[in-house]
Every structure is written in C-alpha cells, then in structure tokens.
Amino acid sequence: MDNLSDTLKKLKITAVDRTEDCLEGCLDCLLQALAQNNTETSEKIQGSGILQLFANLLTPQSSCTAKVANIIAEVAKNEFMRIPCVDAGLISPLVQLLNSKDQEVLLQTGRALGNICYDSHSLQAQLINMGVIPTLVKLLGIHCHNAALTEMCLVAFGNLAELESSKEQFASTNIAEELVKLFKKQIEHDKREMIFEVLAPLAENDAIKLQLVEAGLVECLLEIVQQKVDSDKEDDIAELKTASDLMVLLLLGDESMQKLFEGGKGSVFQRVLSWIPSNNHQLQLAGALAIANFARNDGNCIHMVDNGIVEKLMDLLDRHVEDGNVTVQHAALSALRNLAIPVVNKAKMLSAGVTETVLKFLKSEMPPVQFKLLGTLRMLIDAQEAAEQLGKNVKLVERLVEWCEAKDHAGVMGESNRLLSALIRHSKSKDVIKTIVQSGGIKHLVTMATSEHVIMQNEALVALALIAALELGPAEKDLESAKLVQILHRLLADERSAPEIKYNSMVLICALMGSESLYKEVQDLAFLDVVSKLRSHENKSVAQQASLTEQRLTVES
C-alpha cells in the first residue's frame, strides 16, 4: 500500500502536467490496486483528493480517458464513494463522453455512470434531465454488435425505466424498434431475460405499448409461447410466463389493444383465443386476462359474445371448479364480468348458462374470486326474470349476507351489498324480498344507506323503499332493530347529503307509514321540521317530494 501512496502522489503531479506515458503508468497501478483490494484502495483514493482531478482527465482527446472512467467505475462500486464522485463533478464530463466514438471509452463511461447513480433515484433523474436516454438509445442502434456495450445500455435502460419521468423521453426515441430488433437476434435465455427486464417497465407506458406492437414485439412473444409451451425446463417455463405476461400488459393500452383486436379478425386475437382451451395453466391465465382486456369496449364485447367466447370461458371455469387454480378462476370471471357490460350481451350470456357456471364458485374462500363472482352476477341481473331467479336462490342470498360482513375485504363487502340491493331493485318481487328478510339481509341494506359512496346509498334506499312498499310486515322488526328511521332522519338533516339521497329518503319515509311501530318512530323524531325546510331546496324534485311528504306527515298525525 506504500506503493499506492507513491502512485497517488505521482498521479497528482502528472494529472496537472498531463504527461501521458507517466499518467498511464499511474492509472495502471491504481487499477491493479483496485483489483486486489477495492474497498481499501477506494478509501485511499478518496483521502488523497485525486477524484477532483479526474474531471479534467475525462476528455475525448486523451488516450487515458477509458482508464480514468474504468477507475471511477471501480471505486463507485462502493456506496461510500458515490457521493464523493458526484461532489468531484464527475457526472457532467462522463455524460459528455457518451458522445465518444471509442467503444472502450463508451463502455467504461457507461459503467461509471451506472455505478455512481446505482440505487439513487435523484441521480438517475439528473441523468434523464441531462438527456442520456436519447444518447443511449442511439448507442444501442450503432453498437448492437458489441455485446458488452449492448449489455451496458440494457442495464442502464432497466434502471432508468423504473422512473416515471423517463417514460416520456423513451417514447420520443426509437427504443421500441431497437429492442425488438435486438430481441429477434437473441438465442440465449439470459440475454432475452435482460431485454424482458427493460421491456416490462417500458410497456407500462401507453405510447410505448403501441410502439412495441408496431415494432412487431407481439409476434416475437407468440413465437416464444409456441416454442416453450410443451417444455418442462425451468428456464422455458419462466420465459413462457414472462412472454405471456408481457403480452397481457401490451393489451392494457386502448390503442395497442384495438390494433391487435383488428375487429376480432386479428391473428393475434385468434392465437390468444387458442390459449384458453390449452392444458397449460399459465396460458389459460394469460388467455383469460387477454380476453378481459379485449373486453374493454362494447363493440369488442358484442363481437366476442357473438363468436362463442362465453362458452370457451365457461369450459375453462368448469375445469377449475374443484381445487382449481385461483388466478385462472379470477381471470375468467373478470373476462365474463366485462363481457356482461353491454346490454345486448346480458340475455345471450344468461341463456348460455353463465349464472349456473358462476354459482359453482359460491363456495370459494378466496376474496378475489368472490369479488369477481359478485361483479359478474351484478352485471347480468338487469333483467327482471334473472333477478327473480337468483333472488330466490337461498344458498346465494345466505352467502351474500355472510359476505356483507367481510370487514377485512371491503370490495367483497361492497359488491355483496350492491348485489343484494340489485336483486330487489330489478326483480321487484315479494318472494325475493322474503328470501332476503329470512336470510337476515335487511340490516345490511340499512347499513349500506350510510355508505360513503352516494351510488351505494341510493341503491340501498331504492331497495328499502321497494321492501316497504311490497313486503313491509315481515321486514318491520329488522328495519326497527337496524334503526332505519334514525338513519333517515340523519340523512335528511345532513346538509352534505346529495339531492337524490334526500329525495329517496323522503319516498322511503312515506312508505314506512304503513307500519304502526315505524310510524311511531317517525313521529317521535319530529320529521316535520326537517322535511318542511326542504320545501325550499334548490333541487325541484327534492322540493316537490318535501311538500308531498309534509302533507303525508301532517295528514297522518
């Protein structure tokens, strides 16, 4: 190490004099010392103050530049050296060197920048602001035959692509084209994996999704799926998963998804369809998720239902009822839920037997599956007949009531409440109301009327008004013990309540007057005061309903 101290002293002098031969010898000594003991040598370098001199040595003309950059790359492997490198002003000259024609200089410069900025979002953001992204993309295009440089670019892209601020810059380059070109050339699994690691974060950006689709990435991914589908090698299974996941990610962009759908005639769409009946769980999953993504607009949904997709998804679900794969169940139910959104699809899906298939999963204990199951049923029961049939299904209603108490899973709880309410609202059936009363569902509808979501409050109030109008007797005790009247008083008195909430609360008050005990509660709470104030409400419907309700309250008293 004494030798090192001498080298550092000598380097200080030669760095100023710029005597190239002497300088080169000193740099070689440093590299040798770093190779033997990086940490100790780095500490000595930091203590010597030599880092500050390196900034002046990083010039395109100098023959020593690659070695200086290499030394910086080596010392910056140590976390404690990174800030000193920044403080020594090394970032700016290193960024300038990315315009060099010398491949060794480019490689060492890329390493140095990568190591200095490793794990630091703020430094990486600084590089992005200094314009390194377009420069690196250009380098990848020029030096694609240089494996080491290509790898350096990919590592840099992988790090920078994690930052949201990078996506816009990447989108304005031809990165998609360059990566797809590179991908097509790779045979080795490791190299492809490196490219995948860059593609995944980039493909989160919608503009880049479309560029990747246009550059032909999908065809590459489909080819990988075809090659690896029957393999049981660990690497192949991993690559199949990565390729199919990326495929699904590309479909999350509206434009890229429509481009691949091609009116349902697209070869990509057809290939994805063939994944659903496959025996490979990963492909079944990707196929179902892809269909759920294609089913994001009415036109696509209608086309797919007319062309038999529902039967394929039902067959897939049937294969996963007993000890099934939860992710596949979730994905297939997601697809069915999306397909059920257009009005014209509902009757077709009901007659295809979707509800029967979906109900097979009532026994599932998995909240994600429960959530999608509920969403699918809620989408399908706009028709009175379907709502009545499901609303009289005691097993279903009992399970809904149970899930209405799933405090740990707000989504499942919310969807269960909404489905209970929808069964009443769409069926308008006494039998359905009886089933819900007998299963203990009334208290949940009353609680739902206090939800923070106006749409849910409203759905609950409309359902409760139908109960009061059609079957008040059997529900009376449950409505009392759930303190419905007090809740309605609070909703009407609260200035923050939306106009439709006030309106439906008053409709419900009028309907409750058919019950002696509930009406007594209404009288005890002095509703007249609250209601008469609402006669001057700015919303005409609320004001009119307030006058009607006031008349009812006055007459009845």
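**View 1. Asp245 and Lys241 form a salt bridge, with their closest N and O atoms 2.6 Å apart.** A salt bridge here is a side-chain nitrogen of Lys or Arg within 4 Å of a carboxyl oxygen of Asp or Glu. This is a predicted model, where local features need pLDDT of at least 70 and side-chain atom pairs count only at pLDDT 80 or more, while totals for chains, interfaces and linings use all residues. Residues are numbered from 1 along each chain as its sequence is written, and side-chain values use heavy atoms, leaving out hydrogens and water.

Both partners, Asp245 and Lys241, sit in helix 17 (residues 234-250), 4 residues apart, or about one turn of the helix. Helices are DSSP runs of H or I with at least four residues, strands are runs of E with at least two, and both are numbered from the N terminus. An α-helix has 3.6 residues a turn, so residues three or four places apart point the same way. Asp245 is partly exposed at 32% relative accessible area, and Lys241 is partly exposed too, at 41%. (With a 1.4 Å probe and protein chains only, buried means under 20% relative accessible area, exposed means over 50%, and partly exposed is in between.)

**View 2. Lys392 pairs with Glu388 in another salt bridge.** Their closest N and O atoms are 3.8 Å apart. Lys392 is partly exposed, with a relative accessibility of 40%, and Glu388 is partly exposed at 25%. Side chains of opposite charge can pair when their charged atoms come close.

**View 3. Asp524 meets Lys520 in a salt bridge, 3.2 Å from N to O.** Asp524 and Lys520 are 4 residues apart in helix 36 (residues 516-524), about one helical turn. Asp524 is exposed, at 55% relative accessible area. Elsewhere, salt bridges with shared partners tie Glu24, Asp28 and Lys67 into one network. The salt bridge count comes to 28.

**View 4. Helix 32 (residues 454-470) packs against helix 33 (residues 472-481) at about 130°.** Their axes are 7 Å apart; the axes are lines fitted to C-alpha atoms, for helices over the stretch in contact, and angles run from 0 to 180 degrees between N-to-C directions. That angle makes helix 32 oblique to helix 33. (Under 35 degrees counts as roughly parallel, over 145 as roughly antiparallel, 65 to 115 as roughly perpendicular, and the rest as oblique.)

Which residues of helix 32 meet helix 33? Leu464, Ile467, Ala468 and Leu470 in helix 32 touch Leu472, Ala475 and Leu479 in helix 33, where contact means heavy atoms within 4.5 Å. The residues of this contact are 7 nonpolar, no polar and no charged. (Ala, Val, Leu, Ile, Met, Phe, Trp, Tyr, Cys and Pro count as nonpolar, Asp, Glu, Lys and Arg as charged, and the others, Gly among them, as polar.)

**View 5. Helix 32 is largely enclosed by the rest of the structure, with 12 of its 17 residues buried.** Among them are Met456, Asn458, Glu459 and Leu466. The buried residues of helix 32 pack against several helices, including helix 29 (410-427), helix 31 (442-448) and helix 35 (499-512).

View 6. Asp119 lies between helix 8 (103-116) and helix 9 (121-129) and is exposed at 66%. Glu262 lies between helix 18 (254-261) and helix 19 (267-275) and is partly exposed at 47%.
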